[in-house]
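We will go from one selection to the next, with a short note on what to look for at each stop.

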Amino acid sequence: MASPATAAVHDERVVALIGNPNTGKSTLFNALTGLKQKTANYPGVTVERHTGTLEHDGQSAQLVDLPGVYSLAAHSPDEMIAVDVLLGHVEDLRRPSVIVAVADCTNLRRNLFLVTQLAELGQPVVLALNMSDLAEREGIRIDHAALGQGLGVTVVPVAAAKGENLDKLRAAVFEALDATPPEHPPLLPEVHAAAGELWARLHASGSHLTAYEVERAMIDAGGLAETRFGYTAPPALITELEDLRTRLAAGGSLAAMEAKARYARIHDVVDRFAERDERAPRFADRLDRITNQPLIGSLLFLLVMATVFQAVFSWATPMMDLIDGAAAGLSQSLLARLPPGALTSLLVDGVIAGVGSVVIFLPQILILFAFIIFLEDSGYMPRAAFMMDRVMRSVGLSGQSFIPMLSSFACAVPGILATRVIPEERDRLATIFAAPFMTCSARLPVYALLIAAFVPRETYLGGLVNLQGLVLFGLYMLGIFGGILTALLLKRTVLSGPTPTFLIELPPYRLPNLRTLGMKLLARAKIFLVRAGTVIFTVAVFIWALAYFPRPEAIGLEFAEQRAAVTTQLAGDELDAALIELEELESAAYLEQSALGRMGQVVAPVFRPLGWDWKVTAAVIASFPAREVVIAVLGTIYAVGDPEANENALVSRLRGATHANGEPVFTLPMVIGLLVFYAFCLQCLATVAVMARETRSWQWPVAAWLYMTGLGYVGALVCFQLLG
């Protein structure tokens, strides 16, 4: 029996938000729900579900943000999820009582293709004509009431970015919850009738497909609806569907017939109820013509990316120094108030040194994400994909693969999920394999730490360009090169096949909504801090325990005797210096005999050709589940092994790290090799798990892990041996 809480969730009215990509759907969702939203996955798939609470005059409903689609002819998992939600096939989610369709006023004819399909589902449809302010500026005049009557929907003009008419939209949605949708005559009557008869026989055989799904299976040859029909229908009905499609298409295509009839209806409605004045080209139009030129566009892309990486170092430094100072102050405060011992070491060396060494990079990550979100919302990212199509085609892929790879700069997980839009399986697998090479936000703390420690802060061109930013840019380019080279190898060998075609919509340039940008940044910061407070905290404490225990009594007795001896022999500054040296030697002896020290020394010979000592080896191995953990582990190891760690930043401790013979560990060749290792190595369990789920096999993720780890090892070996 369901609990009252569960029953309440199931009884909640559901409103679906859907629209073409680049119509401002996400901006409208954020504007309607504010912070009352959450993200999860749909049951059984890796497609994200974004839900929020829609409120008006004391009423509330659950608003579900569906993936952006161009039509209900589903050919990808994203599109199938959208259709399943609309038809009520998703577990734990009621069929929507109202559909809110988002359309761009400035691209009305194209957007209405989806709207007319939605109107045929039998649910009330509220059409949110977004960007009405831009339409007015471009001389577009729409008779909203007449347009709504012509389409059989309720039309509300809105400007989501400015928050205009949102209350009218909410009122229209809650009014539609209790309304009966008008009847819509079938677009292709003969096809509709034949699909209904076929559905009746299919239903009698025990299938749960709806009549609408059967009609879509008949129209969309090769689509997911036909695939589902084949799973549930007996062979005789599968043959009948193919015969009906051939007869009704009369030598043509039912999909083409539907598109022709649908656009004829759309053109008739738009011609009667919308007008557009002639206007002079605007600045955005001229900018578009310039940036779409191959040479200028490519140079602009490189300039934009280089600017991002310059800003990551130049702008974040003050805030990073503030966080570093706060962590050091907290450590000093605890050391002054707590007695020496395991608890004090746990808090100072484990928690603060471990977690704090990662949190310090939050400003850089937020700057990177701010740029990425700004470029996405401004309309630049589709143009970047268009510019990169020629490069991608040279390795057997298309600009369609560039979009998931670009998403992987934030995180490889959503980048891999974004490959669902690629229809060809070979191209999808090649893109999934290449996506983890892109420099994700988890690599950024590693790069930032090593670059800040060992690359000079030199500037050029009057301070506009800094060397650290150039090195970071080079590492990002190295990741891109590794991914493209990998895709080329795959497409020339095990995944060989024709290069796919690439079509992409280039939305107009527009200024992003600052509120939406802020909400996305806040969500990213929350994800990073939750990760730092859970996964990284747990690892830091675990590593501290391995580095702190056991503490052999013999070491303590030996150094106690040495302290007693120097106390009787020396005085003043000489005594202080001798005691500090003994404390450092004692800490190093304890660390070497700890569980972590012993494990690191066992594995160290494998990585000694790379110039690593056992501490670096232990930190890198511990970071295989999540690469940014290496910072926390290094912070913990060097804090436990350094009695003055509370007074020195991690950068200073790395610079002073030495081998047993006194030679520095972090030489320039070793650091370059370590950076190359992290540029190539696959150190992320979440990425491996998503690869397994998306490819429906462990063969591909295991192969990717072995390939990328081996490539990272060889790259680090070559750098250290050739440059050393």
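**A buried tryptophan and its partner**

Start by selecting Trp 612, which counts as buried because its relative accessibility is 2% (buried is under 20% relative accessible area, exposed over 50%, partly exposed in between, with a 1.4 Å probe and protein chains only). Before going on, note that this is a predicted model, in which local features need pLDDT of at least 70 and side-chain atom pairs count only at pLDDT 80 or more, while totals for chains, interfaces and linings use all residues. Residues are numbered from 1 along each chain as its sequence is written, and side-chain values use heavy atoms, with hydrogens and water left out.

How are the rings of Trp 612 and Phe 677 arranged? Their centres are 5.2 Å apart and their planes stand at 90°, so the pair is edge-to-face. Rings of Phe, Tyr and Trp (its six-membered ring) pair if their centres lie within 6.5 Å; planes under 30 degrees apart count as stacked, over 60 as edge-to-face and the rest as tilted. Helices (H or I, at least four residues) and strands (E, at least two) are DSSP runs, numbered from the N terminus.

Next, select α28 itself: seven of its nine residues are buried. Among them are Trp 614, Lys 615 and Val 616.

A search of the whole structure finds twelve aromatic pairs. For a cluster, select Phe 433, Phe 437, Phe 680, Trp 700 and Tyr 707, which ring pairs link together.

Then show Arg 551 with Tyr 590: the charged end of Arg 551 sits over the ring, 3.9 Å from its centre. The test here is NZ of Lys or CZ of Arg within 6 Å of the ring centre and within 35 degrees of the ring normal.

**Two crossing helices**

Select helix α4 (residues 108-118) and helix α12 (residues 254-273), which pack at an angle of about 115° with their axes 9 Å apart. Axes are lines fitted to C-alpha atoms, for helices over the stretch in contact, and angles run from 0 to 180 degrees between N-to-C directions. On the α4 side, the contact (heavy atoms within 4.5 Å) includes Leu 112, Phe 113 and Thr 116; on the α12 side, it includes Arg 262, Tyr 263 and Ile 266. Zoom in on two of these residues: Arg 262 lies over the face of Phe 113, at 5.6 Å from the ring centre.

**Backbone stops**

Which kind of peptide bond joins Phe 549 and Pro 550? It is cis, with omega about -5°. Pro 550 is in the loop between α24 (514-548) and α25 (553-569).

Two non-glycine residues with positive phi come next. Asn 165, at about 65°, is in the loop between β8 (154-157) and α7 (166-176), and is partly exposed, with a relative accessible area of 30%. Arg 696, at about 60°, is in the loop between α32 (685-695) and α33 (699-723); Arg 696 is exposed, with a relative accessible area of 63%.

**Zoom out**

Finally, show the whole chain, with its 33 helices and eleven strands. Buried residues make up 51% of its 724 residues.
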